[in-house]
Structures are given as structure tokens and as C-alpha cells.
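I opened a new page for this protein today. Here is what I looked up, in the order I went.

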Amino acid sequence: MLFRSYTLFALGLLLKSDHYAFVLPIIVLAIFALLGWSYPMVMEFAFGMILAKLYLKGKFKIGLPLVIAGALLLGASIFWKPDLDRLIVWGIPSVLLVHGALHMPQSTSKWLVYLGGASYSIYLVQVLTIPAFYKFSSRFLGDVQPDILGFMALVLTVA
């Protein structure tokens, strides 16, 4: 289902009008999600497009408050599990966090810059480390809260 999203965005890039290349994929994704032809999660692609457009146009330059709001909402999702789609529980807080981060001063911390540079490598290796960690943890760690296990898997993957 996500493959459709990538294909749709690639086709959108072929459109001559920037306006249609932006609006058409978002409308089609929304229709697919509403008709049940795709998961609502694909709207996160649309959120990314909207964020890029807002950033490039210099709109809504709010930094730290949005980062804090997004981080608090994401943090709350660890303890509060509402019966809502992931688009609402994680997608919207993530949009707030990313949009806020776009409008904050860039870090000069060598460690954070290094971690940012390594992020794609981390993304590639996580497909191996996370399943291995969960296989190990199911055998040796017993009953540990899933969110704690997820955090431990993240730390292992980054390391």
C-alpha cells in the first residue's frame, strides 16, 4: 500500500505545474484513505509535503513551542493509548515536532551533527538490529514493557 504513495509522488513530479504536483497527490491520497484503498498512515506523506511547502514559503515560523508540544504528545502516547488511528496519535504530534524543529537554530554540537550524518546508516541497519534485539530479548529479558524494549532497541541500533 505504501508503494502506491511513492508511485503517486513520483508521478506528481512529472507534472509541469508545481501547484498540481503539490495538490494532486495529496487529494488522491486522501481519497484512497477515505475509500479504504490505503491505510490512513499514507496521509503522513501528505503531511510531509505540506510541511515542505510551508517551510519553503516561510509560513508559521514557530519553533520551540511546536517542538515541545509535539514531544509532549508523543511522550504521552507511551502511557496513554487512545483508541485512535496512528495518524492522529503519532502523525500529528510528529508534524508539530518536525515543523517546530525546522524553525529552530541549527545545532553546532559535534555529537548531534555526527548523529544526523549517521541517520541514514542507522535507518539502513535497523532492519537487522531490531529483529535481532527482539529475538534476544524474548529469550533473555522476560517481561519488560514494550515501550522500554523499543527504546532499548533504538539505543542498540544507534550504537
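My entries below go from the overall build to the core.

**Ground rules.** I am working with a predicted model, where local features need pLDDT of at least 70, side-chain atom pairs count only at pLDDT 80 or more, and totals for chains, interfaces and linings use all residues. Residues are numbered from 1 along each chain as its sequence is written, and side-chain values use heavy atoms, leaving out hydrogens and water.

**Overall build.** I found 7 helices and 0 strands, taking helices as DSSP runs of H or I with at least four residues and strands as E runs of at least two, numbered from the N terminus. The C-alpha trace spans about 55 × 40 × 30 Å along its principal axes.

**Contacts.** I counted a contact as heavy atoms within 4.5 Å. Among contacts with a separation of 6 or more, 61% join residues 24 or more positions apart.

**Burial.** Of the 159 residues, 24% count as buried, meaning under 20% relative accessible area with a 1.4 Å probe and protein chains only.

**Core.** Which residues make up the largest nonpolar core? I listed 12: Leu8, Phe9, Phe22, Ile26, Val28, Leu29, Ala33, Val42, Met43, Ala46, Met49 and Leu87. Such a core is a set of buried Ala, Val, Leu, Ile, Met, Phe, Trp, Tyr and Cys residues joined through side-chain atoms within 4.5 Å. The elements giving two or more residues to this core are α1 (2–13), α2 (18–35) and α3 (43–57), and α2 supplies the largest share, 5 residues.

**One residue up close.** I then checked Ile26, which touches Met43, Ala46, Met49 and Ile50, leaving aside residues up to four places away in sequence.

Notes:
Buried < 20%, exposed > 50% of the residue type's maximum accessible area, 1.4 Å probe, protein only.
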